[in-house]
Structure formats: C-alpha cells, structure tokens
Amino acid sequence: MIVSQVISLTIIEEDSYEKDVLFYVQLGEPQMSGDEVASLAAEAEKKRPEDRTERERIAIMGKPRLGEITRAQIRIKESKEFKNTVDKLVQRANASLLIGTSSWKEQFVEALTVTASNEDEQKAPSKLDYFMHFLTVFWKVLFAFVPPTDICKGYLCFVVSIFCIGIVTAIIGDVASHFGATLGIKDGVTAIVFVALGTSIPDTFASKVAAIHDKHADASVGNVTGSNAVNVFLGIGVAWSIAAIYHGIHGNDFNVDPGSLAFSVTIFCSEAVVAILILFIRRSKAVGGELGGPVCLKYLTSSVLFALWITYLVVSTLEAYGVIQGF
C-alpha cells in the first residue's frame with residue numbers, strides 16, 4: 001500500500017520578493033509515533049529477530065519506509081511582472097518622500113540637468129527631452145530661486161511658490177489678452193479661449209501629477225473644483241471689491257455691463273452637471289472609479305469631456321458674435 005503525505009516547508013520572510021532559488025530537501029527515514037503499533041515496532045527493533053513474537057514481526061513489516069526517491073528538488077521562480085510592479089511602487093514611494101529639496105545648489109543642479117521624461121524605465125534622455133529642457137530651462141532656473149523646502153519647514157517655499165504662480169498666471173493672462181486684441185477678437189471670446197486656457201494650464205498639470213501619483217482621485221478632481229472656487233470667490237470677489245472701494249472713494253458708481261455672461265455661465269453650469277453625472281456613472285463596478293478603468297472607457301470619457309469644452313467654446317463664441325440669440 002502506498003501512502004502519500006504532504007510536507008510543509010516554511011519560507012523565511014525577508015521583507016522582499018523571492019528571487020530565483022534552487023535547493024534540495026533530503027528525506028530521512030520516517031519515524032512512527034503516537035500509537036500502540038509504533039510503540040510495539042520500536043520495542044521489537046531492540047530485540048533480536050529470533051526473539052520477536054509474531055505480532056512484533058508484523059508491526060515491523062508494516063513500518064513505513066522510504067521509496068527509491070529520497071531527495072526532492074525545489075525551485076522558487078521569480079515573477080517578472082510582480083517584480084516590476086514592486087519596483088515601480090517602491091520607486092514612486094521613495095520619490096514622494098524625497099520630493100523636497102534641501103539647498104539652492106540642489107535646485108539649480110536639477111534645473112540645469114536633462115532628465116528622461118519616463119523615469120520608471122531609467123533610460124537616457126531622448127532628443128525630445130533635450131528639446132523640452134532647452135525650451136523650459138529659463139523657467140526652471142527662474143523657479144530654482146524659490147527657497148528650499150527645508151527652510152521654515154516648507155512654509156516659506158509654499159508662500160513664495162504661490163506668489164510666483166500668481167505672477168506667471170497674470171503674465172500669461174495679459175499676453176493672451178493682447179494676443180486676442182491683436183487678432184481683433186472680442187474680449188468675451190478672448191477671455192473664454194485664450195485667457196482661460198493660459199491661466200488653467202498650471203491647474204491642468206497639477207491635476208495630471210495628482211492623478212498619476214495619488215492613490216485616490218480626490219486630489220486631481222478637488223484641484224479642479226478648488227481652483228475654480230478660488231477664481232470665482234477670490235479672483236472676482238477681491239478684484240471687484242477693490243474696484244468698488246476705489247470708485248466709492250472718488251465718489252463714482254462702479255457698474256459693469258455683464259455682456260453675454262448669463263448665457264456662457266448657463267452653458268457652463270449645464271455642462272458641469274453632465275460632467276458630474278459622468279463621475280457618478282464611472283463609480284459603477286464596470287469602471288471602478290472616477291479615474292482610470294478599461295482603456296475604451298478612459299478614451300470615451302476623455303473624448304466626451306473634451307467635446308463638452310469644445311461645445312462650450314463654439315456656442316459661447318457664436319452667441320458673442322450674434323450668430324445665435326442669447327438671453
């Protein structure tokens with residue numbers, strides 16, 4: 001009778017994934033224990049063969065013995081896919097911990113050094129990387145003057161960065177306004193196309209970085225809603241308050257013609273409702289979240305949102321030039 005048993009081998013935990021390992025397990029003679037037959041066979045082995053009883057001889061004959069194969073070869077094979085996943089997660093975790101800088105020297109070295117766009121693959125910089133570096137090196141060196149994060153626990157870096165972003169955004173807005181005026185485009189169209197696009201580029205890149213590195217979609221989606229809240233409540237509120245106070249001091253009334261504001265805001269709010277519905281639909285089990293998901297659904301969502309933006313620009317422009325009737 002052949003009896004098979006399972007032998008469990010414990011792998012020592014080394015806080016790392018297993019690499020390719022090959023080792024052998026040598027099986028020794030099986031030992032019987034724990035019952036009457038095992039005790040009888042053990043006592044019978046101590047006696048001479050001629051002194052054993054019939055029952056003892058049967059117990060010894062029934063004792064388990066090794067077969068012809070007494071050596072087992074065991075191989076632990078490394079999973080390349082799992083290794084690559086772990087390496088990327090560790091690299092991103094280390095990058096998120098070391099995202100700050102400790103000195104101006106480090107910031108200027110990073111600003112002047114050409115790095116590959118895809119750091120996960122650890123390849124040399126491509127021609128496109130060199131082109132983009134020389135195209136943006138002025139801004140890199142300029143923002144290298146921002147105080148490092150180690151000074152004042154990062155608060156000084158935060159305040160100065162916000163101030164610099166405000167200055168750059170104002171410059172981009174003014175350039176966009178002059179560009180629209182040069183082309184003879186109406187102020188309303190210039191505002192919703194060039195000025196809005198120029199001032200929203202920093203928010204777009206911030207949302208992109210948050211979508212890639214953060215575990216949840218809160219940061220990327222919240223950045224969009226938060227930046228719009230700042231634009232509406234502070235950007236418009238503070239500017240209008242200052243203008244109203246200025247005109248009030250000089251004894252003048254501060255009145256601004258809304259133009260086509262009501263129509264464009266209505267279109268925007270309507271499309272915002274559609275965007276919110278899309279986020280709710282993407283929470284279903286078929287997609288799994290506001291960001292990511294199956295490839296087809298990702299491209300479909302991006303296309304729909306992009307189409308909403310194009311629709312808003314076209315409809316608002318047509319209303320501004322009197323092609324369609326507004327309200």
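The charged end of Arg283 sits over the ring of Phe280, 5.3 Å from the ring centre. Such a placement is counted when NZ of Lys or CZ of Arg is within 6 Å of the ring centre and within 35 degrees of the ring normal. A further case involves Lys186, whose charged end lies over the ring of Tyr321 at 5.1 Å from its centre. The model is a predicted one, in which local features need pLDDT of at least 70, side-chain atom pairs count only at pLDDT 80 or more, and totals for chains, interfaces and linings use all residues. Residues are numbered from 1 along each chain as its sequence is written, and side-chain values use heavy atoms, with hydrogens and water left out.

Confidence comes next. The average pLDDT (the predictor's confidence in each residue, from 0 to 100) is 77 for the chain, and 80% of the residues score at least 70. Among the elements, helix H10 (residues 295-320) has the highest mean, 90, while helix H3 (residues 80-97) has the lowest, 59.

The chain contains 10 helices and two strands; these are DSSP runs numbered from the N terminus, helices being H or I of at least four residues and strands E of at least two. Starting at the N terminus, their order is β-α-α-β-α-α-α-α-α-α-α-α. Of the 327 residues, 17% are buried, where buried means under 20% relative accessible area, exposed over 50% and partly exposed in between (1.4 Å probe, protein chains only). Among contacts (heavy atoms within 4.5 Å) with a separation of 6 or more, 57% join residues 24 or more positions apart.

An unreviewed UniProt entry annotates residues 130-148, 155-176, 188-207, 228-249, 261-281 and 302-324 as "transmembrane region". UniProt positions are given in the numbering used here, feature names are shortened, and annotations may be inferred rather than shown by experiment. Residues 228-249 are 100% helix and 0% strand, with end C-alpha atoms 30 Å apart. For residues 130-148, the ends lie 25 Å apart by their C-alpha atoms, and the span is 74% helix and 0% strand.

Five aromatic pairs are present in the structure. Rings of Phe, Tyr and Trp (its six-membered ring) pair if their centres lie within 6.5 Å; planes under 30 degrees apart count as stacked, over 60 as edge-to-face and the rest as tilted. Phe108 and Phe145 make an edge-to-face pair, 5.0 Å centre to centre with 85 degrees between the planes. Phe108 belongs to helix H4 (residues 104-112) and Phe145 to the loop between helix H5 (127-143) and helix H6 (155-182), so this pair ties together parts that are 37 residues apart in sequence. Phe108 is partly exposed at 24% relative accessible area, whereas Phe145 is exposed at 54%. A stacked pair is formed by Trp139 and Phe143, with 6.4 Å between centres and 25 degrees between planes. These two residues are four apart in helix H5, so about one helical turn separates them. Both are partly exposed, Trp139 at 40% and Phe143 at 33%. Together with Phe138, Trp139 and Phe143 form one aromatic cluster.

The cysteines complete the picture. The structure holds zero disulfides, a disulfide being a pair of cysteine sulfur atoms within 2.5 Å. Cys157 is in no disulfide, and the nearest cysteine sulfur, that of Cys164, is 9.4 Å away. Cys157 is buried, at 14% relative accessibility, while Cys152 is exposed, at 52%.
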